[in-house]
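Please keep the sequence and the model in view while reading.

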Amino acid sequence: MDLSFTPAQIAFRSQVREWIQSALPPDMKAKAAADASFHREETMRWHKILYEKGWVAPHWPKEVGGPGLDVTERFILSEELELAGAPTLSPFGLGMVGPLIIQFGNKAQKERFLPKILSGEEVWCQGYSEPNAGSDLASLKLRAESDGKGHYVLNGQKTWTTYAQFADWIFVLARTEQGPKKQNGIGFFLVDMKTPGVLAKPFLTTGNTLAFCETWFENARVPAENVVGEPTMGWTYAKALLGHERTLVAGVGRSTRQIVRIKRIAQSTMIDGRPAFEHPGYRARIARLEMDLEALRMANYRTVAGAQLGKAPGPESSILKLRGTEIQQECYELMMDLMGTHALSWFNEPGTIPAREEAVASDHNYLRAATIYAGSNEIQKNIIAKMILDLPGT
Ligand SMILES: Cc1cc2nc3c(=O)[nH]c(=O)nc-3n(C[C@H](O)[C@H](O)[C@H](O)COP(=O)(O)OP(=O)(O)OC[C@H]3O[C@@H](n4cnc5c(N)ncnc54)[C@H](O)[C@@H]3O)c2cc1C
């Protein structure tokens with residue numbers, strides 16, 4: 001398989017790179033250079049800039065506002081955005097419910113919801129997980145009962161709902177019927193967060209953020225017109241959604257930036273009078289990470305090249321998720337080891353470490369989640385064992 005880019009793709013990459021440098025506002029450019037985290041306001045500002053350029057939803061078809069890029073161009077755009085350290089847009093509208101409505105929604109739902117997802121006027125969150133339904137999502141218990149008069153009444157609880165406190169809408173999987181299998185009888189609902197009876201309660205994480213909510217539904221009445229497709233077929237739609245943009249899960253651009261950061265920290269951290277970068281142990285760890293990342297980059301290019309030839313990304317995207325998130329975590333482990341107690345910036349005297357490294361510990365803690373969300377890594381290993389390795393007993 002030929003993994004090299006064509007001259008047209010190389011020219012597109014230069015065009016994207018130049019545009020990002022000219023479009024990224026100076027304050028965000030400074031933050032990107034300092035590896036600082038972006039606030040919601042900055043992310044939304046960047047969303048609007050990408051929207052005006054027509055690149056906010058690279059994978060949406062042209063008829064509904066997408067830019068009409070092919071799979072390799074989409075990949076290049078996403079890789080360049082990561083390499084530039086631009087804010088990462090929320091995936092829930094653009095990457096999840098939007099594509100689902102495009103594929104399974106009716107005309108009225110497309111007209112009502114898609115333009116506002118694109119423009120960023122309406123922000124979405126994801127209501128899948130429950131206290132006893134995570135990896136085994138089909139065990140979900142949130143009930144949706146038809147009142148026979150054009151509404152469903154929702155009762156139950158979701159959890160881990162990222163940024164639900166800021167969202168305008170939530171997409172929810174809820175049980176409408178008891179079917180022969182637990183995957184039957186699930187509906188896919190579009191719910192206005194202002195609906196009486198919907199309550200999002202944030203809770204604090206080890207990264208010291210209020211990024212997640214428990215979301216409660218107490219007799220929340222949802223119009224039947226906000227059910228996507230058939231009210232018992234939500235599982236099928238939710239599963240189909242997993243197929244969207246699986247070429248982008250590896251985060252190679254992000255990890256490439258982190259390796260630059262690791263080298264910077266290793267150059268400025270002294271051990272026994274010498275920069276850590278000169279110590280064989282650290283040099284070996286950095287070299288190992290770079291080799292692993294290069295292998296992942298090649299695996300990612302192979303998936304993109306396959307998709308460009310019309311081959312839908314299959315279970316091999318589990319390898320990208322598995323290794324991509326492991327490498328992201330290894331980058332932060334190495335930074336923490338290099339910085340030692342200085343990484344715990346909240347205990348430092350001001351000026352002990354450069355401001356740009358102050359977020360290392362909280363980012364490290366946040367990234368513990370990367371091997372859990374979007375299908376935990378153990379679940380990805382199950383998929384690889386069954387679908388790729390054909391191991392017995394799986
Ligand atoms: C940062 C973050 C953001 C999230 N945001 C959202 C959100 O916005 N909306 C939403 O709906 N959900 C969200 N989630 C929830 C996420 O989808 C679940 O955490 C995930 O599906 C795992 O479910 P669980 O936490 O219930 O763990 P469990 O499913 O209980 O798993 C516990 C452990 O057992 C392992 N395990 C489970 N089953 C198997 C198996 N069959 N074989 C091998 N090992 C297994 C898992 O890998 C894990 O290590 C988020 C989670 C995190 C961490």
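## Strand pairing

In which sense do strand β6 and β7 pair, and over how many bridges? Strand β6 (residues 198-203) and β7 pair in the antiparallel sense over 6 bridges. Within this pair, Val-198 stands opposite Phe-217 in β7. Strand β7 (residues 212-223) is also joined to strand β3 (residues 151-162), by 9 bridges, and these two run antiparallel. His-151 faces Pro-223 of β7.

Two strands count as paired if DSSP finds at least two bridges between them. Helices (H or I, at least four residues) and strands (E, at least two) are DSSP runs, numbered from the N terminus.

## Basis of the model

This is a predicted model, in which local features need pLDDT of at least 70 and side-chain atom pairs count only at pLDDT 80 or more, while totals for chains, interfaces and linings use all residues. Residues are numbered from 1 along each chain as its sequence is written, and side-chain values use heavy atoms, with hydrogens and water left out.

## The ligand and its shell

The ligand is surrounded by 17 residues, of which the closest are Ser-129, Ser-135, Thr-162, Ser-376 and Glu-378; a residue is near a molecule if one of its heavy atoms lies within 4 Å of it. By class, this shell has 8 nonpolar, 8 polar and 1 charged residues. Here Ala, Val, Leu, Ile, Met, Phe, Trp, Tyr, Cys and Pro count as nonpolar, Asp, Glu, Lys and Arg as charged, and the others, Gly among them, as polar.

Polar contacts are pairs of N or O atoms within 3.5 Å. An oxygen atom of the ligand lies 2.7 Å from a polar backbone atom of Ser-129. A ligand nitrogen atom is 3.0 Å from a polar backbone atom of Trp-160, and a nitrogen atom of the ligand is 3.0 Å from an N or O atom in the side chain of Asn-382. The elements giving two or more residues to the shell are β3 and α12 (377-388).

The structure holds 2 cavities of 30 Å³ or more. A cavity is a set of points, on a 1 Å grid over the protein atoms alone, where a 1.4 Å probe fits but cannot get out; lining residues have an atom within 4 Å of a point. A volume is the space filled by probe spheres set on the points.

The largest cavity holds about 120 Å³ of space. Helix α3 (40-53) gives the most to its lining, with 3 residues. The second largest cavity holds about 60 Å³, and α4 gives the most to its lining, with 4 residues.

Notes:
A polar contact is a pair of N or O atoms within 3.5 Å; within protein, one must be able to donate a hydrogen and the other to accept it, and residues adjacent in sequence count only if both atoms are side-chain atoms. On a 1 Å grid over the protein atoms alone, a cavity is a set of points where a 1.4 Å probe fits but cannot get out, and a pocket is an open set with protein on both sides within 12 Å along at least five of seven lines; lining residues have an atom within 4 Å of a point.
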